Amino acid sequence: MSLYSISDSNRTKTWIILGVFLLLNIAVGYVLAFIYNDSAILYGAVIVSLILNFASYWYSDKVVLSLAGARPALRAEFFDLYNAVENLSITAGLPMPKVYVVDDPAPNAFATGRNKEHSVICVTTGLLKIMDKNELQGVIAHELSHIGNYDILLSTILVVLAGFISILSNWFLHGGMRGLNGDDSRAGNVLAILGIILVLLSPLFATLLRLAVSRRREALADATGALLTRYPEGLASALEKISKYEKPMIHANDATAHLYISNPFGAEGLKGMHKLFLTHPPIEERIASLRASL
């Protein structure tokens, strides 16, 4: 499969997910409108869905940067980082992304944005502290590959949509419980049942949405990044250093975990539910694959 077909596939997935999300919200609005015999609820669900889809496309990168606690990286303060991004962007034939940093000792990085012309690369100060020049270039090349492969819009939109699903589930639960205490016990019972089902299933649904991006995209970005630098050992060594840091990131959360070059939960990310729904291939496999290409 060529990079062009991968890019087209990711664009298609993005619009499919937005469409499914729109239809899901309309279906929920229809159920509520039926329960309360109020068509205004359905109209409201349609309007909210359209607004959220619009906001997801245009502003989801800002949501991601806010959740990560990121700030713009000043060239004077982070000259080596700027230099690496600028040079590799030219090599890759991509517009220069905006550069952000997260003040966090955990070494990690991610890319976000809606397209190649409106993209962001963000790294932690912990990553900058432990990487040498070749390793930093390997990480930046990996993130630029996500931009070039058009992974970023799909990955970024999933943050907003998955978060909204969780909010919606809580709203259902609380609405149902209030209904149980009101005069319309039928409506309350139905809302309570819907709320409980959504509360139980929404984390799984949100995770499945993120997994729609597929673990394969990380392996592809590794391979593409190695081709960009022509030095696979740089990224392999960087991943090796990242894997040795066991503490979680300060702002680690499930909504944005799939964006990072490595699991942001540290050693805790290999336990319990986090392990069951890992959004990244095992880092040892990624390192081995890179070194096998030498």
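**Sheet and aromatic pairs**

Strand β1 and strand β2 (residues 98-102) run antiparallel and are joined by 3 bridges. Helices (H or I, at least four residues) and strands (E, at least two) are DSSP runs, numbered from the N terminus. Two strands count as paired if DSSP finds at least two bridges between them. Within this pair, Ala-70 stands opposite Val-102 in β2.

Before I go on: this is a predicted model, where local features need pLDDT of at least 70 and side-chain atom pairs count only at pLDDT 80 or more, while totals for chains, interfaces and linings use all residues. Residues are numbered from 1 along each chain as its sequence is written, and side-chain values use heavy atoms, with hydrogens and water left out.

The open sheet has 4 strands in the order β1-β2-β4-β3, with mixed pairing. Its edge strands, each pairing on one side only, are β1 (70-72) and β3 (109-115).

Now the aromatics. A search of the whole structure gives 3 aromatic pairs. Rings of Phe, Tyr and Trp (its six-membered ring) pair if their centres lie within 6.5 Å; planes under 30 degrees apart are stacked, over 60 edge-to-face, and the rest tilted.

Phe-54 and Trp-58 have ring centres 6.1 Å apart and planes at 45°, so this pair is tilted. They sit 4 residues apart in helix α2, about one helical turn. Phe-110 and Tyr-260 have centres 5.0 Å apart and planes at 70°, so they are edge-to-face. That pair links strand β3 to the loop between α9 (232-243) and α10 (272-276), 150 residues apart.
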